[in-house]
Amino acid sequence: MHRGAIAEIDLNCISHNLNLIRRIAGLPVIAVVKADAYGHGYIEISRRLVAEGVPYLAVAYLEEGVRIREAGINAPILVLFERDEISGLIEYNLIPVIHDLDMARKLSEEAKKRDRIVDVHVKIDTGMGRLGLNAVASVDVIMGIIDLENIKIRGIMSHFSEADMADMDYAMRQLNEFMKIRHILKDRLDSGVLFHIANSAAVFSLKDSHMDAVRPGLALYGYSPFQDTREGSAVNGLRPSMTVRTRILSLRRMNKGTPISYGRTFITTRDSLIAILPVGYADGYMRSLSNNGDVLIKGKRVPVVGRVCMDLTMVDVTGMDVSVGDDVILMGRQGSEEITAWEIAKRAGTIPYEITISLGGRSRRIYR
């Protein structure tokens, strides 16, 4: 039996979510495929997105961009965080995001040596407190970057820290800061420069932020970045593209009063039938789901009992007609029941991004 889980990725759901975002925004989509496409596999996801006409992909670091290039994908690729591997960025025709003038100078020098013109996007920190030009000084720095040889600014970007919150005050402050800078720069930059700040949350919640392009990540994979109370009808139209499944490894009949797994955190309160699953926290099924998660077997929810182990998880299937090898859904739909990444995230005390990356990244993936 294959250890761990299998992640089935429905590429038609990716296309559906992309088209939903396009209908809402009416703008080019910069598709974020970093972190192995949020656990969905950046090669196959990138292929589908490019086939659907996405004009830009976005990754975190050089290595991701290189692997996509080596898979034969020639679409423009934005590299969001890389600053050291200057020669590799140029060699693989990737588009670096500039965070400071020093990085821009190094890129200019290397591009001159190679007799290349390098397209770049420039990031402005409007309140995320992470990477990017200081907003107050950003116009002057960008004017300095324009003067550098062999660099061509193709985009100006920023990033929201709270566009998924019910209180949009801080997001509006960021947006207003970015729009101020945009107004100053518009006449100083070449036509066609893309200004973009809208992440998945802002696509649905902040239309004024859409500008020249939108930059969704999580929504492409079928999940709203909002808690349930913020989900509107448009967001509810997203279709999760990942189903994570395994099979029953073993079945054990346990007498009442039998402890299950490490630490005796669960003791049977009746004569029980316990199913052992070949998946654990080494496979991305989090230990925080111990005595706290559900899985689906034959369309019915069954609870995780005892502590999730490194390689095994136990569930209580008492009263069910089940056999070794039966299908088990860790995340996804079976019959009328569904376990979503949001549900798992809430139980585990985290966010759906971490769930899809953990489960998808450590499972054997198949595409349909």
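This is a predicted model: local features need pLDDT of at least 70, side-chain atom pairs count only at pLDDT 80 or more; totals for chains, interfaces and linings use all residues.

Q: Which residues of helix 4 are the buried ones?
A: Helix 4 covers residues 62-70. Its buried residues are Leu62, Glu64, Gly65, Val66, Ile68 and Arg69.

Q: And what follows helix 4?
A: Gly72 does, with a positive phi near 90 degrees.

Q: Helix 2 came up just now. Where does Tyr38 lie?
A: Tyr38 lies in helix 2. Its phi is positive, about 55 degrees, although Tyr38 is not a glycine.

Q: Why mention the glycine part?
A: Because most residues other than glycine have a negative phi.

Q: Okay. Is Tyr38 buried or exposed?
A: Buried. Tyr38 has 8% relative accessibility, and the cut-off for buried is under 20%.

Q: What about Ser261, what is its phi?
A: Ser261 has a positive phi of about 70 degrees, and it is not a glycine. Ser261 sits in the loop between strand 12 (259-260) and strand 13 (266-267). At 26% relative accessibility, Ser261 counts as partly exposed.

Q: Let's zoom out. How many helices and strands does the protein chain have?
A: The protein chain has twelve helices and 20 strands.

Q: What box do the C-alpha atoms fill?
A: Roughly 75 × 40 × 35 Å, taken along the principal axes.

Q: How much of the chain counts as buried?
A: 54% of the 368 residues. The protein chain exposes about 16000 Å², and carbon and sulfur atoms supply 46% of that area.

Q: What about contacts between residues at least 6 apart in sequence?
A: In 66% of those contacts, the partners are at least 24 apart in sequence.

Q: And charges? How many positive and negative side chains are there?
A: There are 47 positive and 45 negative side chains. The centres of the two sets lie 5 Å apart.

Q: What caps the N-terminal end of helix 6?
A: Asp100 does. One of its side-chain oxygens lies 3.2 Å from the backbone nitrogen of Asp102.

Q: And just after helix 6, which residue takes a positive phi?
A: Asp115, at about 55 degrees.

Q: Which residues of helix 6 are buried?
A: Met103, Ala104, Leu107, Ser108, Glu110 and Ala111.

Q: So what covers the buried residues of helix 6?
A: The cover includes helix 5 (86-91), strand 5 (95-98), strand 6 (118-125), helix 7 (138-146) and strand 8 (151-157).

Q: Now helix 8. Is Phe178 buried or exposed?
A: Phe178 is found in helix 8, residues 169-185. Phe178 is buried, at 0% relative accessibility.

Q: What does Phe178 touch, not counting residues up to four places away in sequence?
A: Phe178 touches Ile124, Thr126, Ile156, Met157, Ser158, Phe195, His196, Ile197 and Met211.

Q: How many residues separate Phe178 and His196 in sequence?
A: They are 18 residues apart in sequence. In space their C-alpha atoms are 9.4 Å apart.

Q: Different spot. Where is Glu343?
A: In helix 11, residues 341-348. Glu343 counts as buried because its relative accessibility is 18% and the cut-off is under 20%.

Q: What is Glu343 in contact with, leaving aside neighbours within four places in sequence?
A: Arg301 and Glu338. The side chains of Glu343 and Arg301 are joined by a polar contact of 2.8 Å.

Q: Last one, Arg3. Where does it lie?
A: Arg3 lies in the segment before strand 1 (6-9). Arg3 is partly exposed, with a relative accessible area of 43%.

Q: What does Arg3 touch, not counting residues up to four places away in sequence?
A: Pro278, Ala282, Asp283, Met310 and Asp311.

Q: And how far is Arg3 from Val304 along the chain?
A: They are 301 residues apart along the chain, while their C-alpha atoms are separated by 18 Å.

Technical notes:
Residues are numbered from 1 along each chain as its sequence is written. Side-chain values use heavy atoms; hydrogens and water are left out. Helices (H or I, at least four residues) and strands (E, at least two) are DSSP runs, numbered from the N terminus. Buried means under 20% relative accessible area, exposed over 50%, partly exposed in between (1.4 Å probe, protein chains only). Contact means heavy atoms within 4.5 Å. Accessible areas come from the Shrake-Rupley method with a 1.4 Å probe; for residues, only the protein chains shown count as cover. Lys and Arg count as positive and Asp and Glu as negative; His and the chain ends are not counted. The place of a charge is taken as NZ of Lys, CZ of Arg, CG of Asp or CD of Glu. A polar contact is a pair of N or O atoms within 3.5 Å; within protein, one must be able to donate a hydrogen and the other to accept it, and residues adjacent in sequence count only if both atoms are side-chain atoms.
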